[in-house]
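Hello,

Here is the structure I said I would pass on. Please open it first, then read the notes below.

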Amino acid sequence: MSTTSATVRWTMPDGGTHTGRAVVPVNASAGTRVPVWTHSRGDLVSWPPTESEAVLRSSFAGMGAATVTGCAVWGSARAARALLDRRGMRQWALE
């Protein structure tokens, strides 16, 4: 389905009317009802992700968190080893 951007108008539960730009089907004429998503203040937001998109995003977030954690642990171990090696070398030099 082809889409385009158009000016849309929507009414909030409190009765306030808002306008903004949203994606609509190309063949939609003026007055056609199209679904739009808003947050609590009434501003347009993007469509919510599908279940598969949510799973994919959370998988990437989990892999990213695991990678960052692994790198932090590895970096900390390398730093501790470097400090211990430096200390050992100083003590060895004094003897």
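**Charges and salt bridges**

The protein carries 10 positive and 6 negative side chains, and the centres of these two sets are 6 Å apart. Keep in mind that this is a predicted model.

How many salt bridges are there? The count is two.

One joins D43 and R41, with 3.9 Å between the closest N and O atoms. That passes because the cut-off is within 4 Å. D43 is partly exposed, at 38% relative accessibility. R41 is exposed, at 63%.

The other links the side chains of D85 and R81, at 3.8 Å from N to O. Both residues sit in helix α1 (residues 51–94), four residues apart, so about one helical turn separates them. D85 has a relative accessible area of 45%, which makes it partly exposed. R81 is exposed, with 55%.

**Overall build**

Which elements does the protein have? There are four strands and one helix. Their order from the N terminus is β-β-β-β-α.

Now the shape. The C-alpha trace spans about 90 × 30 × 20 Å along its principal axes. The radius of gyration is 28 Å, whereas a compact globule of 95 residues would have one near 12 Å.

Buried residues make up 7% of the 95. The accessible surface is about 8,200 Å², and carbon and sulfur atoms account for 59% of that area.

Last, the contacts. Take those between residues at least 6 apart in sequence: 22% of them join residues at least 24 apart.

Best wishes

How values were computed
Residues are numbered from 1 along each chain as its sequence is written. This is a predicted model: local features need pLDDT of at least 70, side-chain atom pairs count only at pLDDT 80 or more; totals for chains, interfaces and linings use all residues. Side-chain values use heavy atoms; hydrogens and water are left out. Buried means under 20% relative accessible area, exposed over 50%, partly exposed in between (1.4 Å probe, protein chains only). Helices (H or I, at least four residues) and strands (E, at least two) are DSSP runs, numbered from the N terminus. The radius of gyration is taken over C-alpha atoms; the globule rule is 2.2 Å times the number of residues to the power 0.38. Contact means heavy atoms within 4.5 Å. Accessible areas come from the Shrake-Rupley method with a 1.4 Å probe; for residues, only the protein chains shown count as cover. Lys and Arg count as positive and Asp and Glu as negative; His and the chain ends are not counted. The place of a charge is taken as NZ of Lys, CZ of Arg, CG of Asp or CD of Glu.
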